[in-house]
Amino acid sequence: MSERHSYLDAPHGLASWLLTKDHKRIAMLYLISITIFFAIGGLFALGIRLELMTPAGDLVSPDTYNKLFTLHGVIMIFFFLIPSIPATLGNFFIPIMCGTKDLAFPRINLLSWYLYVIGGTMGIAAVAFGGLDTGWTFYTPYSTQSSTTSVTIAAMAAFIAGFSSILTGFNFIVTIHRMRAPGLTWFRLPLFVWSHYATSLVMILGTPVIAITLVLVMAERTLGLPVFDPRVGGDPVLFQHLFWFYSHPAVYIMILPGMGVVSELVAAVSRKQIFGYAFVAFSSLAIAILGFLVWGHHLFVSSQSIYAGLVFSIISMLVAVPSAVKAFNWTATMYKGAITWESPTYWVIGFMGLFLIGGLTGLFLATMGLDIHLTDTYFVVAHFHYIMVGGAIMAFLGGVHFYWPKMTGKLYNEPLGKVSAVLVFVGFNMTFFPQFLLGYLGMPRRYHSYPPEFQVLNLASTGGATILGLGYGLCVVYLLYSLKWGKVAPANPWGAKGLEWERTQSPPTTFNFEEDPIIVTEPAYNYRPAGTVHHG
Amino acid sequence: MSNSHTHHIITPVGTYVAVFVGLLILTGATYVVATIDLGWLNTPVALAVALLKASLVVIYFMGVRYNTPLTKVVVVAGFFWLLIMFSLTMADYVSRPWIGVPGR
Amino acid sequence: MANGHESTMPGGHAATTHDAHTGQGHNVHGSHHPRLQHHFYNMDQQLEASTLGMWVFLVTEIMFFGGLFMAYIVYRYWYPDAWVSASNHLDVGLGALNTGVLIFSSLTMALAVRSAQVGSRMGQVVNLILTIMFGATFLVVKYFEYAAKFTTGKGHEDGTLIPGPTFSPSLPKAEQLFFALYFIMTGIHAAHMVVGIGIMLVILAMAWKGRFGPDYYGPVEVSGLYWHFVDIVWIFLFPLLYLLGAHFGGGH
C-alpha cells in the first residue's frame with residue numbers, strides 16, 4: 001500500500017475499522033458488503049437462467065423456482081441496489097464535495113452500516129430457513145395467509161435494511177444543507193451532490209411507508225391481526241398501494257445516484273462544463289417529487305379504478321421528461337468536448353444507451369392500454385433490468401472505475417477496464433434484449449416453464465448472462481489485483497475538476513483536506529475551453 | 001466561540017402554561033362536540049381541532065416558530081407528503097364504483 | 001465569503017482561525033466547547049444540524065404512522081357503521097385521561113428544555129422526572145385498556161375484542177379490522193413511548209450530573225422534539241379511534 005499517510009493506513013487494526021467514524025472507511029466497508037450481496041443475488045440469477053434454458057420445468061421444482069426469483073429480487077433490490085452508490089460513493093465523496101471533514105452524524109453513519117449488515121444477515125437466515133417464495137413484492141394474501149416460507153424473517157430483514165437507508169439519507173440531507181464550506185453555494189455544488197440530495201429526499205419520505213407495510217404483513221402473519229384479509233373485509237389491494245407508494249420511488253433511489261455519477265463522468269471525460277447545469281440539478285428534484293405520484297401504474301390490472309389509473313398513467317409519462325432533460329444535457333456536454341477514451345468513458349456511454357432504451361420502454365408500460373397486455377410479462381422484466389442493470393449498475397461500475405484511484409490510491413489495468421465495460425455491455429444486451437421480444441410475444445414472468453417456441457430467445461438470454469457474469473467477474477479480478485500490485489495513483493489521474501480531485505491526495509487523509517477551512521470560489525466543472533487538456 | 005447562542009430566544013414559562021391550558025380546553029372541546037350529532041361535520045371538526053392542537057405543540061412546545069425557514073419547510077413537507085399518499089390512494093377507492101368494477 | 005449564499009456558519013464569522021483541526025482532529029485550544037464535535041465549526045452549527053436532523057427523522061416517523069392512518073382511512077370509508085360501533089367499545093374516559101396525561105408531559109418536557117436553556121439543574125431534573133412519570137402513567141392506563149379487550153365484556157358478551165378466532169361472533173366482521181388497526185396503531189405508539197422514556201432516563205442522568213446548560217442543551221431539545229412528536233401522534237389517534245360518531249359513552 002501507499003507509504004503516504006492516508007485514511008487507509010492510520011489508524012491501524014480491525015477494531016479501528018469496525019468502530020470507525022470516518023465516512024471514507026464506512027464507504028469501503030459498505031463496498032465490501034454490497035459486493036458480497038451482489039454475488040449472492042447473482043447466484044440466484046444464475047439459477048433462474050439455467051432453469052430457463054429449457055422449456056420444461058426440469059431443473060428445479062416450481063416451489064424452488066419461486067424462491068429463486070424471489071430471493072434474486074429481494075437481495076438485489078434491498079441489499080445491493082438501494083445502498084449501492086449512496087452508501088459507497090456517496091458516503092465517500094459527499095463530505096469532500098461539500099468541502100467538509102465528515103458527514104453531519106458520523107456515528108449514525110456507522111450505525112447505518114451495522115443495520116445493513118444485520119439486515120443482510122437476517123436475509124441470509126431467511127434464505128437458509130425455508131427461503132422466500134412470495135416474489136420480492138410480498139403480495140397479500142399469499143404472503144400473510146398461505147406462504148409457508150420465511151416471510152417474517154425476510155420482511156424483518158428488509159425492514160432493518162430500510163432503516164439503514166433512512167439513516168444514510170438523513171445524514172446526507174443535513175450535511176448538504178448545513179455543512180457546505182464557505183463559498184460553496186448550491187449552484188457551485190457538483191451534480192453528484194444534487195442527485196444524492198434528491199435521492200435522500202426519496203429515502204426519507206418513502207422508506208418509512210414500506211417499513212410500516214412490512215410491519216403490517218408481519219403482524220397479520222404472526223399475530224393474526226387481519227389488515228389485508230378479505231375474509232373480514234380487508235383489501236389486498238391496499239397492501240399494493242402501500243407497498244408501491246415506496247417501491248416506485250425506490251427505483252428512483254436506485255437510478256438518481258447513478259445519474260449523478262454520470263454527470264461527473266461526462267464532464268470529466270469531455271473536459272467540459274455540464275451543459276444546462278441548472279436544468280440537470282432541478283431535474284433531479286423533479287424526478288424525486290414526480291416519482292411519488294405514479295405508483296398506481298403498478299396497479300393497472302389489480303382492480304384499481306380506471307379513473308385513478310388515468311391519473312397515474314399521465315403522471316408516469318410526465319416523469320420521463322426530467323430524465324430526458326438529463327439525457328439531452330449529457331449528450332450536449334459531450335458534443336464538441338475534448339473526449340478521451342478512458343475506461344470511465346466506455347461505462348458512461350454504455351449507460352447512456354442502455355438507460356435510453358430502458359426509459360423509453362417505460363413509456364410503453366406507462367400507457368395503461370398497452371400495459372394491460374405487457375404487465376407480468378418479460379417485457380416488464382427487460383424494462384427494469386435495462387434501467388437497473390444497464391443503467392444503475394453501469395453507472396455504479398463507471399463510478400467505481402473513475403473514483404478507484406482516489407479511494408484506493410492505486411491504478412487498475414486501464415485496457416482491462418475497457419474490456420470489462422464492453423463485455424458487460426454486450427453480455428447485458430444479449431441477456432435482456434431477447435426478453436423484450438419474449439414479453440411482447442406473451443411469455444409471462446415468474447414462470448419456470450414455457451412453450452417451446454420461446455426457447456431460442458431464452459437460450460440467447462442465458463448465453464448473454466454468462467458473458468455478463470464474466471464481465472463483472474473480470475472487474476473484481478483486476479480491481480482487487482490493483483490493490484496489491486497496481487501503480488500508485490496521482491492525486492488527479494483524469495485531470496478532472498472538483499474538490500475531490502484538486503484538493504485531496506489519493507487516497508485522502510483522514511480529515512480529507514490539507515487546508516482548513518476550504519474556501520470555494522469557482523463554479524463546478526470549471527474546465528478550460530474544450531480542446532485544452534490539463535493533467536493534474 | 002462556544003457561546004454563540006445569541007440568536008436563541010427562551011420562551012417564558014407563562015407561554016408554555018398558556019399553551020398547555022389551551023390544549024386541555026381543546027381536548028375538552030373535542031370530547032363535547034363528539035357527543036353532539038352534527039352529521040357529516042363531526043369528522044372534519046374533530047380533525048380540525050386535532051390539527052389545531054398539533055400546530056400548537058409544533059409551534060410553541062417544539063419551538064418551530066423560532067427555527068430556521070428550512071426547518072419549517074421540513075415540517076410542512078412531511079405532512080404534505082402524507083396528504084399525497086392519502087389523496088391519490090383515496091382517488092382509487094372513491095372512484096372504483098363509478099364504473100362498476102367487480103370487487104367493490 | 002461569497003455574497004448571497006445560505007450561511008453555513010450561523011455565528012456569522014469567517015473561520016479564519018487556524019485551530020488544531022489539521023490532521024489530528026483534537027482541540028488543543030481551550031476556546032472550543034468540550035462537546036463540540038470535530039467536523040463542526042461551532043456549537044451553533046452543531047445545534048442547528050442536530051435540530052434539522054431530528055426533524056428530518058420525525059418526517060420519517062410521520063410517514064411511518066401515515067401508512068397506518070392510510071389503512072384506517074380506507075377501511076373507515078368502506079365500513080363507516082362498523083367503525084362507529086367498534087369505537088363504542090373503547091373507553092373514552094381512559095382515552096381522554098391519557099390525552100391529558102400526554103399533554104401535561106409535553107408541558108413538563110418543554111419546561112425541562114427551558115430549564116437547560118437557563119441553566120437550572122433542578123428545573124431540568126424535576127421536569128424530566130415528571131415527564132417520565134406521565135409517560136409511565138400513560139403506559140399503565142394503556143395496559144388496563146388492553147387487558148379489558150382480552151375478556152368478554154359489555155357489548156361483546158360472547159367473545160373478546162381480539163381479532164381472530166376469539167373475536168366476538170355477534171359483532172360485524174369489519175370490526176376486526178378496526179381492532180387490528182387499534183392494536184397496531186396504539187401498540188406502535190406505545191412502543192415509541194417506551195423508547196421515549198428510555199431516552200429521557202438517559203437525559204435525566206446526564207442532567208443530574210449537570211451536563212447541560214445555556215451553552216449546551218442540544219440533546220435535551222432534540223429528545224424533547226421526539227417526545228412532543230409522540231404526543232402529536234396521540235392527539236390524532238384519540239379522536240379517530242375513541243370519538244367516532246355522536247353516540248359513545250357507556251360502550252366499554
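**Close-up views of a predicted model**

**View 1. Helices α2 (residues 80–87) and α5 (residues 174–208) of chain C, whose axes come within 8 Å and cross at roughly 60 degrees.** The model shown here and in the other views is predicted. Angles from 65 to 115 degrees count as roughly perpendicular and those under 35 degrees as roughly parallel; α2(C) and α5(C) are therefore oblique to each other. The crossing in which α2(C) passes α5(C) is right-handed.

**View 2. Residues through which α2(C) meets α5(C).** On α2(C), the contact is formed by A82(C), W83(C), S85(C) and A86(C). Their counterparts on α5(C) are A174(C), E175(C), F178(C) and F179(C). Sorted by class, the contact of α2(C) with α5(C) comprises 6 nonpolar, 1 polar and 1 charged residues.

**View 3. The contact between chain B and chain C.** Here, 43 residues of chain B are in contact with 45 residues of chain C. On the side of chain B that touches chain C, the elements giving two or more residues are α1 (13–35), α2 (42–61) and α3 (69–95) of chain B. Of these, α3(B) gives the most, with 14 residues. This side of chain B divides into 27 nonpolar, 14 polar and 2 charged residues.

**View 4. The contact between chain B and chain A.** Chain B supplies 14 residues to this contact, and chain A supplies 14 residues. The side of chain B that touches chain A consists of 9 nonpolar, 3 polar and 2 charged residues.

Notes: Residues are numbered from 1 along each chain as its sequence is written. Chains are lettered from A and ligands numbered from 1 in the order in which they are written. This is a predicted model: local features need pLDDT of at least 70, side-chain atom pairs count only at pLDDT 80 or more; totals for chains, interfaces and linings use all residues. Two residues are in contact if their C-beta atoms, placed from the backbone, lie within 7 Å. Ala, Val, Leu, Ile, Met, Phe, Trp, Tyr, Cys and Pro count as nonpolar, Asp, Glu, Lys and Arg as charged, and the others, Gly among them, as polar. Axes are lines fitted to C-alpha atoms, for helices over the stretch in contact, and angles run from 0 to 180 degrees between N-to-C directions. Helices (H or I, at least four residues) and strands (E, at least two) are DSSP runs, numbered from the N terminus. Angles under 35 degrees count as roughly parallel, over 145 as roughly antiparallel, 65 to 115 as roughly perpendicular and the rest as oblique. A crossing is left-handed if the near helix is turned anticlockwise from the far one by less than a right angle, and right-handed if clockwise.
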